[in-house]
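Subject: Structure handover

Hello,

Here is the structure you are taking over. Please open it first, then read the notes below.

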Amino acid sequence: MLAFSKLYLFFVLSSRLPVKQERKSPELGIENMKKEVTDEKNDTSSEKTEQKECLCLPRVRIYYGTRTHKQIGQVVKEFSRLPYGGIITHTILASREQSCINVAARESRDISAYCKELISAGGMGCRYKDAMKGRFERAQHLRHVLEQTNTVVFDIEDLVDTLSSMAVPICPYFSSTRVLTQDADIIFCPFTYLVDPIIRSSSDVHLKNSVVILDEAHNIEDTCREAASFTFYEKEISDSLGNLRSKENATLKLIEQYSSEVELMDDNEKDAVNASIEGHTLNLERFTALTLLMDDIFKWFRDSASKLLSNARNDSMGKLSKTVNHGYLEVDLRRFHLHPEDPRYRTAEDAYKGILASYKEMEDNRSLENKLSSAALICLEKWFYFIEYFRDEKKRSMYKLNVSSEKVSQYNERGSFLQGEGRRDGQAGPKNVNYSQMTGEESDMWLSSTQGVAGHSPIRSGYRTSLNLWCMSPELAFISAFSECRSIVLASGTLCPVDTLKTELGLKFHSQMEGEQVIPSEQIFASVLPVGPSGHRLCATYRNVNEEDSPFISELALTIRTISQTVPKGILCFFPSYRMLTLVFEYMENSSILRQIQQRKVVVKEPRRSSELPTVMEVYEDAISNPLRHGKHVDGALMFAVFRGKISEGIDFTDDLARVVISVGIPFPNAMDDLVKEKKMYNDEFCKTRGILDGDQWYVSQAYRALNQALGRCLRHKNDWGALVLVDERLTAQASQSGGRVVSSARVSTWIRNQLLVFPQFKVFETALADFVSRMQLKDEENKFDISNIL
């Protein structure tokens, strides 16, 4: 948990709060509420026949959402320290990727799809899920087992270990997401389980009248925008259309086959076959309606993509991209009978619901060959959720249509647009994963001009073409998810600046609280460094970074070297992008600076792939805890990382793991990215009518939120100490005219802002930093001496 104060925003629907007229004790909690209900049921007085109005508070469930499962593990660890284990029950919502123990499923390309096929009607079945039948389909029996194994308070790893170690192992996924949810008072889950409509509808999440806590809520804006955005790939739609047509034809053949055979049967057999024919006829109507819908989507895709790409701009990497407003999108949808007001839409929607209902009936004996593919079902699901959002005429202006086409090699090299490395097409949740991940194919594009499953050639041979329905406002998904909740609490140590949250989420927050810093000021060294060791100005603008004769890169490298030689143990250095990180690292390699740093520090870089992060962290932590293993003069490690990356959030760099955080520049989103540009234009257009920030204000707020988040890696508890070094002269412009060197900024978190100093001379900074480190090391030694005397 963070040592510095968290900022809390509270949204309460007071009209939904039931009022209890009489309460026996101010300490009445969940158990007392349950006891009152029991007492009323057991009442044997003469008045038991009278109809009494129940004055008990209804049961309230708490959903605790955060960004990652690693963060959930940290929260559960804190929860385990409270005296409520076994009194307040909980569970964790996790995907099959985190909780499946079926070896065959884990070895498959798509665990979720494999699992669904196993347990579907006609599937082979899963022995771990089958073992739950009977006894472990009720929460109280399962919790009894957890109590016996001392797993009352658990994170997802604990639950998987416990249930997989039973004499007869049972499925952790269905245990946590279907059984333990029956009586859970608190449900921990990632954000996407709450805001993503597709995940929410399939995860037994019921938010009405519940209390929702969103921790690390500085991420909620992006999560909500992504949850209401949808990406459709050309091959995805083509294959879905082909799959629908094949099922339509297969069903028709079945009907013809049964019809020809029924005349030869006796009366009892005829009744059964006629019933089967009737069911298949109903499914044929559904397949026909969905095939017509998907054919319309495919025609719209090809027509719109071809027209827009003909006028699209070509970026430096060969990617074509074009974006249009909601007006163009609405006209197009009407032309192809895809508008929510078109009669065809209701017919197709009913057909889709009917297909889903039939698949859930376990007595259905259809073979798997006559079931729609997972890719086709997901494609349809995405479309219907988009149309449901687009149905509201007042919200249609929140959408923009983008078409893009790029080679796979270019696509795979791009990172998050917020890191300045391109745009992340995979949005929140499984609905927008790369199509190849669902199908098991090597690529979700045509590599040649050969026809696809639906009998069509690609729009651009050898390219990945997609239509992106971008939602510009987080309000759409946020209100859809939380409008019926009892209360919503947004919490984060880095919610500042809060203006964008208040204006964009669409709900009025009635209360705001910002706590005081719990770490003594003498344990914090917060500084702005506008100059380097050679006296050159430090300003991480695009021009300074890329100009050949600019001294910025060399001056920055010298600055990092000085800090590395001054401060022992762990140092984190954050860059606005991987590109700048690489430029600085390569300069250090080509000069002697990297070798000089490596005499004192083990130098590692944040990997682009999440799978490689544990290995990098192991090296980093070992160099700090066991420095002599890495060299005679080594005293720690230096980590190069990026803002908004894996290092900047979710990892607890406590004590020696981060004695200094260096932030280079101001991490503005990539101004050349299409999605960023469209978001700025949208805010400029609607800032007055909808009371949101204008484009530039939103743009700046995103940068400072990322800055605050990275700086929060240092100082994790009240006895921790550390230095924050903000390298960029632009930050000195926020210095107060009346406060000397003290910076006054509404954009930097309060706990930093109150102590932030500007050092116009590098030598003064170097001396001040060295003195601070010496004082803190001496204090640590004194504390160790005091403890040893006590022992």
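Of the protein's 791 residues, 54% count as buried (under 20% relative accessible area, with a 1.4 Å probe and protein chains only). This is a predicted model: local features need pLDDT of at least 70, side-chain atom pairs count only at pLDDT 80 or more, and totals for chains, interfaces and linings use all residues. Residues are numbered from 1 along each chain as its sequence is written, and side-chain values use heavy atoms, without hydrogens or water.

The protein has 30 helices and 19 strands (DSSP runs numbered from the N terminus: H or I of at least four residues, E of at least two).

Now the cores. The largest nonpolar core holds 87 residues (a core is a set of buried Ala, Val, Leu, Ile, Met, Phe, Trp, Tyr and Cys joined through side-chain atoms within 4.5 Å). Trp300, Trp383, Tyr399, Phe478 and Phe482 have the most contacts inside it. Helix H14 (residues 267–310) gives the largest share of this core, twelve residues. Apart from it lies another core of 44 residues, including Ile563 and Phe585.

H13 (residues 234–262) and H17 (residues 374–390) pack at about 115°, axes 9 Å apart (axes are fitted to C-alpha atoms over the stretch in contact; angles run from 0 to 180 degrees between N-to-C directions). H13 and H17 are therefore roughly perpendicular (65 to 115 degrees). In H13, Glu236, Ile237, Ser240 and Asn243 meet Ala375, Ala376, Cys379 and Lys382 of H17 (contact: heavy atoms within 4.5 Å).

Best wishes

Methods: Parallel < 35°, antiparallel > 145°, perpendicular 65-115°, else oblique. Buried < 20%, exposed > 50% of the residue type's maximum accessible area, 1.4 Å probe, protein only.
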